[in-house]
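Here's a quick tour of some charged side-chain pairs, plus a look at one helix. Have the structure open as you read.

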Amino acid sequence: MDKINISDIDKKWQSFWSKKKNKFKKTDKKKKFYCLEMFPYPSGKIHMGHVRNYAIGDVIARYKMINGFNVLHPMGWDAFGLPAENAAKENNLNPKDWTKKNISTMKYQLQLLGLSIDWDLEISTCDEEYYKHQQELFIDFYNKGLVVRKETYVNWDPAEKTVLANEQVIDGRGWRSNALVERKKLHQWFFNISKFSNELLEDLNTLKEWPERVKLMQKNWIGKSVGCEIDFKISENDNSVRVFTTRPDTIFGATFLAISADHPLCESYIKQAKFIEFKKKCSRVGTTEEAIANAEKIGFKTDLEAEHPFIIGKKIPIYVSNFILMDYGTGAIFGCPAHDQRDFDFATKYKIEIIQVVKSKDFEKLKTEKKAFTGDGSIINSDFLNGLTITEAKEKIVKEIEKKKIGKKKVTFRLKDWGVSRQRYWGCPIPMIYLKDGSVVPVDKTELPIRLPDDIDINSKGNPLDNHPTWKKTKHKKTGEDAIRETDTLDTFVDSSWYFLRFCSPKLKSKPFDDEAFKYWMPVDQYIGGIEHAILHLLYSRFFMRAIKFCKKDIKIKEPFRGLFTQGMVCHETYKDEKGKWLSPDQIENTKLGKKSKIDGSKVKVGPSEAMSKSKKNIVDPESMIKIFGADAVRWFILSDSPPERDVQWSTAGVSASHKFILRIWNINQKILDRKQTEISSDDEKKFELKFNEYIFKITDLIENFQLNVAIAKIYEVASLMESNIDKKIGNKNLLVSQIKFMKMLLPFAPHLSCECLSKLEGKNFFEEIQWPKIDKTLLEKQEVTLVVQINGKKRGLFVAKKDLSEKDALSEAKKIENIKKNLKDKKILKNIFVKNKIINFIVTG
RNA sequence: GCCCUCGUGGUGAAAUGGUAGACACAAAGGACUUAAAAUCCUUGCCCGUAUGGGAGUGACAGUUCGAGUCUGUCCGAGGGCACCA
């Protein structure tokens with residue numbers, strides 16, 4: 001019997017596939033399948049999360065390939081980003097070199113997994129061949145009005161002289177500099193994503209193959225709210241304040257107006273010392289959403305009053321308040337303290353009148369608990385609205401408002417425009433220039449790409465592009481006048497918002513993508529990645545597709561990803577030594593007295609299993625695992641232990657068991673090859689065939705439904721079936737044919753072993769002609785079924801019968817069972833329940 | 001605060017309203033071996049030698065001949081959104 005050397009067969013088949021460049025495309029071009037996994041950020045080495053992502057993707061890609069599909073299965077690198085700049089600062093090298101080195105390491109590691117990736121299609125977002133086209137798209141968007149320049153508030157790190165993302169601000173301080181972060185107003189570039197708010201929301205309904213959870217998260221993020229705008233006349237002058245509300249039904253309970261500190265009406269106070277002090281107080285609150293949410297409500301009372309639109313002669317004070325945001329609604333509200341918690345808190349603090357307008361028996365009780373009543377009820381104290389329900393009142397008041405021409409029904413979205421400017425070096429330069437007269441224009445497309453300079457001082461404070469001696473100096477192509485380049489670069493989410501389009505024609509020089517290739521491959525049939533991208537990346541990509549459609553008439557597609565699958569994380573136990581320092585799994589030793597530290601032999605405290613992370617050191621290196629157990633075992637384990645959408649616990653015992661199973665399959669294969677002819681028993685043969693065919697059916701169904709862990713459980717069962725039939729009276733040919741089918745079913749999961757076994761079975765190395773085994777439907781019909789017999793709903797016996805046994809025959813068969821006879825004795829059968837192929841239930845007396 | 005998801009053995013988990021715990025990990029016992037490793041077999045809560053019986057899917061109700069699965073209330077864990085007017 002041949003012995004197997006796992007690392008030899010890994011190498012053999014990886015080199016076989018790589019020589020063929022994984023181009024196993026079928027002649028049937030009609031059946032295309034675009035299988036895409038989220039491309040990685042080249043941070044240094046691959047981690048188990050990548051292994052899981054790409055193992056799942058590879059199962060789907062290979063399964064589709066051997067089902068006759070023409071499969072696009074590419075890979076690339078999300079190569080721009082902050083870590084490269086930070087690493088460059090620490091090691092005093094260029095971000096480009098650092099990135100390239102990481103890409104080559106990670107590509108080598110991914111190849112060790114034996115993925116069916118077509119590496120000819122490899123792209124990297126930091127290559128000018130890629131970002132050139134991104135700049136082109138940016139200009140297209142700009143020309144169509146989808147890019148705007150606006151002034152907004154940002155988190156400004158005064159030490160680093162740069163803008164920080166919200167997640168880079170920790171407790172109000174810069175994560176690197178530890179400097180107090182300021183709110184600063186800056187001119188920034190924005191993608192006009194809010195133009196598509198309603199479309200992005202409505203079209204979620206068309207995404208039938210997306211997880212409901214992701215769609216819901218996007219729905220909440222877009223945040224549609226239906227309400228109305230109302231103009232309040234200012235008593236002191238002819239101006240008015242426009243407010244937005246979703247509760248126009250509470251208008252009679254309005255006792256104050258509140259406007260944002262950035263509201264145009266505040267302009268006349270800007271120079272007042274009191275107002276300046278108030279604004280200072282506001283900006284002292286952090287910029288994280290949580291900090292804002294928990295901040296105390298403070299107000300600045302203006303000397304203005306507004307006229308209540310429905311109560312003649314009633315004047316209500318106007319406040320400037322920190323809880324009103326300028327970029328939501330109109331930046332102004334009317335406060336109805338009785339029925340809104342924030343308004344209630346504010347009114348209590350500034351002793352503003354509280355008028356109840358919705359009936360509730362708990363109102364006074366809630367008031368003493370300092371709570372507003374936000375529930376349902378009928379309207380009171382509201383003139384012509386009295387007695388109506390909230391819904392009725394909303395309808396009626398909106399009609400009145402529209403009749404009086406002081407406002408109208410209005411839909412508002414939470415989704416804001418996407419700010420894409422970053423004061424960074426390692427990103428795609430924004431192809432815009434500033435002219436002397438202050439205007440801003442795009443560069444001429446013939447000048448693309450606007451390249452990143454290599455000779456930068458990475459250690460300079462602020463943006464190295466801005467500090468570069470010559471880079472930003474340029475000339476306007478049309479007029480020849482001097483101009484200054486935009487020195488901000490694009491958010492890296494832009495890079496990943498269209499890479500899936502580039503994969504359709506990654507080498508094309510003239511355009512971002514080829515129209516024919518686009519038509520053929522798009523949309524992505526199956527997209528696979530982490531849940532952490534549920535909102536931003538997926539929403540931005542959906543926006544990009546629409547923006548491109550808006551710019552190019554012949555693009556018909558709106559949704560880039562037809563199917564989406566979000567996999568769970570890879571977790572591992574956490575370890576701490578006696579001093580509370582984190583230990584990595586390879587610093588742990590198993591002894592009879594428990595786990596000990598390899599470093600000093602001290603006792604180790606085992607913590608809960610958590611997502612693998614550098615900070616907790618609970619990381620297992622995929623490369624070393626592959627070297628020990630082989631690529632198939634690593635892939636197998638990570639797929640077998642949990643449903644792919646849930647978190648999986650990594651365990652060395654588990655992967656070692658997978659390795660043993662790989663060897664067991666090899667042994668089964670050898671035993672079948674070495675088997676001597678046996679006498680045939682038609683009975684054994686038939687049973688085996690029926691059972692085997694059923695497994696093809698089940699495994700096919702399970703893969704189609706992404707139940708990969710259950711599919712693997714069935715493969716274990718097939719292995720046992722094969723093993724137990726080697727000594728039975730089954731023809732060699734039948735066993736061999738079944739083993740070939742078995743190995744084909746194994747191929748998406750453990751391709752190296754599968755191909756090696758197939759080559760032994762068929763006597764040649766082959767791949768192209770592999771076809772997923774066919775299900776014999778007539779055999780499925782012949783399958784026997786187990787009928788369960790219950791008495792009063794309790795299981796009392798079972799028997800195996802032919803499929804579709806009639807009720808009459810089933811009942812008489814059931815009554816022959818010893819235990820059933822015993823239980824039916826002296827009892828009267830009141831009713832028989834019979835469900836074909838499933839169950840018999842006798843309902844009896846007593 | 002609002003919204004969503006999930007609670008099944010020592011563990012990861014299976015189960016179109018129809019045999020709960022498939023499959024695997026770990027454990028215990030056994031076989032082989034001088035021994036170990038490897039491999040294989042058995043066991044898994046309670047009563048019983050056993051055929052068998054009882055309890056049992058976070059808790060309590062309900063619908064049903066039959067509920068892990070459907071409905072309601074509660075408890076617990078995780079996630080998303082969060083001065084969004």
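Predicted model: local features only at pLDDT ≥ 70, side-chain atom pairs only at ≥ 80, totals over all residues.

Lys 12 sits in helix H1 (residues 6–19) and Glu 756 in helix H24 (residues 751–762), so the bridge ties together parts that are 744 residues apart in sequence.

The Lys end has another setting: at 31% relative accessibility, Lys 12 counts as partly exposed.

## A loop-to-loop pair

Next up is Lys 314, which forms a salt bridge with Glu 353; the closest N and O atoms are 3.5 Å apart. Both partners are in loops: Lys 314 in the one between strand E13 (299–307) and strand E14 (315–321), Glu 353 in the one between helix H10 (341–349) and helix H11 (363–368). The pair therefore ties together parts that are 39 residues apart in sequence.

## A pair within one helix

Now for a local one. The side chains of Lys 627 and Glu 623 meet in a salt bridge, at 2.9 Å from N to O. They're four residues apart in helix H18 (residues 622–629), which means about one helical turn separates them.

As for cover, Lys 627 is exposed, with a relative accessible area of 55%. Glu 623, on the other hand, is buried, at 16%.

How many salt bridges does a search of the whole structure find? The total comes to 43.

Some charged residues join up in a group, too. A network of salt bridges links Glu 199, Asp 203, Arg 542, Arg 546, Lys 558 and Glu 559.

## A covered helix

Last stop: helix H19 (residues 631–640), which is mostly covered, with 10 of its 10 residues buried. Among the buried residues of H19 are Trp 636, Phe 637, Ile 638 and Leu 639. The buried list for H19 also includes Asp 632, Arg 635 and Ser 640, along with Ala 631, Ala 633 and Val 634.

Conventions. Residues numbered from 1 in each chain as written. Chains lettered and ligands numbered in written order. Heavy atoms only, no water. Salt bridge = Lys/Arg side-chain N within 4 Å of Asp/Glu carboxyl O. Helix = DSSP H or I, 4+ residues; strand = E, 2+ residues; numbered from the N terminus. Buried < 20%, exposed > 50% of the residue type's maximum accessible area, 1.4 Å probe, protein only.
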